[in-house]
Amino acid sequence: MRQIDHFIAGQFTAGTTGKSFEKRSPLDNTAIARIAEGGRAEVDAAVAAARAALDGEWGRMPTAARVDLLYAVADGITRRFDDFVEAEMADTGQPAHVMEHVFIPRGAANFKVFADVVKNVPTEAFRMDTTDGKGALNYAIRAPKGVIGVISPWNAPFLLMTWKVGPALACGNTVVVKPSEETPNTAALLGEVMNAVGIPEGVYNVVNGFGPESAGEYITRHPGIDAITFTGETRTGTAIMKAAAEGTRDVSFEMGGKNAGIVFADCDFDAAVEGIFRSAFLNTGQVCLGTERVYVERPIFDRFVAALKAKAEAVRFGRPRDSGADYGPLISREHQQKVLSYYRRAVEEGATVVTGGGIPELADDLVEGNWVQPTIWTGLSETATVVREEIFGPCCHIRPFDGEDEVVALANDTDYGLATTIWTTNLTRAHRMAERVDVGITWINSWFLRDLRTAFGGSKQSGIGREGGVHSLEFYTELRNVCVKL
Ligand code: NAD
Ligand code: 6OD
């Protein structure tokens, strides 16, 4: 069984707590790794290493040299591509092709894109008129914020962790990362890459453990952490925000969603079915941007439900490298039980189960895994629990609508505001809808099509702040003004 240690000041260490925990495979719940659990001492050591790096070589490094090193990190990830794929597959149980085409390449891209951003972004300058004797030149300096605490989730572990670490390092900060207890593998591997390409010790640190009263909470409460970037559940964000209030530290939050998919009768029907299918069921529904509420214009409602049902019933359960397998298990037994409890709740509240609703029939070597069927409901009111709460599983409720005003009201009737996907061939309407749906990210005739230069984040309870492209600089740097009398 693999041992996964913390990565502090460029060294792997089991730490001093003497505590550890097991990681179980989502595929069959056998123990696959033992992970060191960090306590206050490990967080102290990681923060001290991060601070020393800021005060040392990393803090003095010219931007161009830092940019070169981040490119080297991206290349290092690509060189060890297969190791990252295997590590992430072991932790999540998701199909190899999702790792190979989406999650791991994005890890490398997250370093390159932000290296390019810091290399090319201008800073502002304002000249004050000299005619009245008060002439001055103002210019801005972007300074790193300091030591950034990165708290990341399990659903796309490497993509989401590097989405924070890439811009943080590009801006000259150092990081203390707490990966999800469910998926520590790729954060540790990245430590090996950092050492291999010559990132100075202390720039990238990882402390493993849990949230409350463990490494996660200790990082967010540590006075040496200057800002906290977090991706995860909204209620965890609330706890972290309280911790960040001590010391008035800045936060950037990417949190839950209850995203609406909107399908108009004039859509490209096959593309819309495929798009909604992906957005509801990719990664077994464990995608924050995923669609759990689908609204379909009435003339095509029955046909759409039938087509989505057919696709959901055709998924092939299997191990990540099984030929033809395109659908994995949920991350943990606990999450499986949570999703199944929502499946039961939907029935109790009167849903028509179009398909799914339970555990699939499986081959003998899979029965111990955390499988659930892709599930579609119709017939519920908008007040039903599964229409209101984020489930984070492979399921959606589909409801008919009769016009733009109605569907805008339905889509916006939620505490969340992360993403939406709209399917129509009427582009005038598409733009109109994009203005009216209250979310951070609107996809039109597409879903999860990412340009990393764009602003990414949620409104309402889905997040605080925007990251991506130059927007990441707002969070990862401190803007200082210099005023020079002319
Ligand atoms: P989670 O909130 O349970 O855990 C996320 C991380 O926070 C983990 O590392 C966990 O150990 C840590 N944590 C938990 N409690 C903590 C505390 N009190 N102090 C400090 N750290 C703490 O989330 P999860 O279950 O890992 O991920 C799923 C959730 O993440 C879903 O709600 C999903 O919508 C959300 N998510 C959002 C986005 C986005 O971009 N908006 C992206 C991915 C996932
Ligand atoms: O693509 C991204 O940058 C991003 N943060 C994706 C989030 C996926 C959520 O599961």
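I looked up I422 and found it opposite I444 of strand β20. I note that strands and helices here are DSSP runs (E, at least two residues, for strands; H or I, at least four, for helices), numbered from the N terminus. From β19 the chain passes through helix α15 (residues 427–436) to β20 in a right-handed β-α-β crossover; right-handed means that, with the strands pointing away from the viewer, the path from the first strand over the helix to the second runs clockwise.

I record that this is a predicted model, in which local features need pLDDT of at least 70 and side-chain atom pairs count only at pLDDT 80 or more. Residues are numbered from 1 along each chain as its sequence is written, and side-chain values use heavy atoms, without hydrogens and water.

I then checked the pairing of β19, where strands pair if DSSP finds at least two bridges between them. Strand β20 (residues 441–444) runs parallel to β19 and is joined to β19 by 4 bridges. Strand β13 (residues 259–263) is also parallel to β19, again with 4 bridges.

I examined burial next (buried: under 20% relative accessible area, 1.4 Å probe, protein chains only). In β19 (residues 419–423), 5 of 5 residues are buried. A419, T421 and W423 lie on one side, T420 and I422 on the other.

Finally I turned to T420, which counts as buried because its relative accessibility is 2%. T420 is the bridge partner of A260, and the T420 side chain reaches the backbone oxygen of A260 at 2.7 Å. Beyond four places in sequence, T420 has contacts (heavy atoms within 4.5 Å) that include I262, V437 and W443.

How values were computed:
Chains are lettered from A and ligands numbered from 1 in the order in which they are written. Buried means under 20% relative accessible area, exposed over 50%, partly exposed in between (1.4 Å probe, protein chains only). A polar contact is a pair of N or O atoms within 3.5 Å; within protein, one must be able to donate a hydrogen and the other to accept it, and residues adjacent in sequence count only if both atoms are side-chain atoms.
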